[in-house]
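I opened the model today to look up a ligand site, a helix and a few loop residues. My notes are below.

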Amino acid sequence: MIKPDAVANGHIGAILNDIIAGGFKIVAMKYIQLNEETAGNFYGVHRERPFYGELVRFMTSGPIVAAILEKENAVEDFRTLIGATDPSKAVEGTIRNKYAKSIDANAVHGSDSDENAAIEGNFFFSMFERF
Ligand code: ATP
Ligand code: MG
């Protein structure tokens with residue numbers, strides 16, 4: 001996902017450029033806004049964490065770009081491309097280093113395992129929306 005901060009700050013194009021230059025194929029993509037229910041479902045794993053309320057409030061604050069990306073070793077390579085959760089700790093040149101402002105407004109989301117990537121892809125896309 002390209003999160004609401006990066007969308008609002010005009011970084012959709014630049015981030016997609018970095019993703020494509022990084023060797024990822026875009027299998028599916030859509031521009032939508034989450035609501036409390038859909039964001040709550042998406043971030044259900046974080047429900048008990050102290051920042052959960054803030055996370056849902058932020059993720060519903062504006063539209064996002066959701067995408068399924070395909071690449072050999074995609075989960076790990078995407079996390080390398082985006083950088084650390086806290087952008088002040090993200091390596092120079094990573095997406096969060098370039099486009100994120102804070103640990104909550106951190107520009108992008110990446111799946112943390114192949115299993116969760118499949119679950120998250122199914123959350124956003126039907127089989128007719130994948131190419
Ligand atoms: P993401 O899942 O969005 O790719 P991540 O895997 O790097 O990020 P997670 O630990 O899964 O980090 O946390 C999910 C999201 O919750 C983070 O991207 C961030 O927006 C928010 N978050 C994580 N830790 C904090 C924190 N300490 N304070 C505020 N928000 C946080
Ligand atoms: Mg995560």
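**Ground rules.** I am working with a predicted model, where local features need pLDDT of at least 70, side-chain atom pairs count only at pLDDT 80 or more, and totals for chains, interfaces and linings use all residues. Residues are numbered from 1 along each chain as its sequence is written, chains are lettered from A and ligands numbered from 1 in the order in which they are written, and side-chain values use heavy atoms, with hydrogens and water left out.

**Ligand 1.** I listed the shell (a heavy atom within 4 Å). It holds 14 residues, and the closest are Lys3, Arg79, Thr85, Asn106 and Gly110. By class I get four nonpolar, five polar and five charged residues. Here Ala, Val, Leu, Ile, Met, Phe, Trp, Tyr, Cys and Pro count as nonpolar, Asp, Glu, Lys and Arg as charged, and the others, Gly among them, as polar.

Next I looked up polar contacts to the ligand (N or O pairs within 3.5 Å). The side chain of lysine 3 places an N or O atom 2.9 Å from a ligand oxygen. Histidine 109 has a polar side-chain atom 2.9 Å from an oxygen of ligand 1. For arginine 49 the corresponding distance is 3.4 Å. On its own, ligand 1 has 570 Å² of accessible area (Shrake-Rupley, 1.4 Å probe). The protein covers 81% of that area.

**Helix H7.** Helices are DSSP runs of H or I with at least four residues, strands are E runs of at least two, and both are numbered from the N terminus. H7 spans residues 114-124, with Glu120, Gly121 and Phe124 buried. Buried means under 20% relative accessible area, exposed over 50%, partly exposed in between (1.4 Å probe, protein chains only). Why do they sit on the same side of H7? They cover an arc of only 105° around the axis (directions from the helix axis to the C-beta atoms). The face turned away carries exposed Glu115, Ile119 and Asn122. The buried residues pack (heavy atoms within 4.5 Å) against strand E1 (25-32), helix H3 (36-42) and strand E2 (64-70).

**Loop positions.** I checked two residues for phi. Most residues other than glycine have a negative phi. Asparagine 73, between E2 and H5, has a positive phi of about 60°. Asparagine 73 is partly exposed at 42%. Alanine 107, between H6 and H7, also has a positive phi, of about 70°. Buried or exposed? Alanine 107 is buried, at 0% relative accessible area.

Last, I looked at threonine 94, in the loop between H5 (74-82) and H6 (95-99). Threonine 94 counts as buried because its relative accessibility is 6%. Leaving out residues up to four places away in sequence, threonine 94 touches Thr80, Leu81, Ile82 and Gly83.

Key
A polar contact is a pair of N or O atoms within 3.5 Å; within protein, one must be able to donate a hydrogen and the other to accept it, and residues adjacent in sequence count only if both atoms are side-chain atoms.
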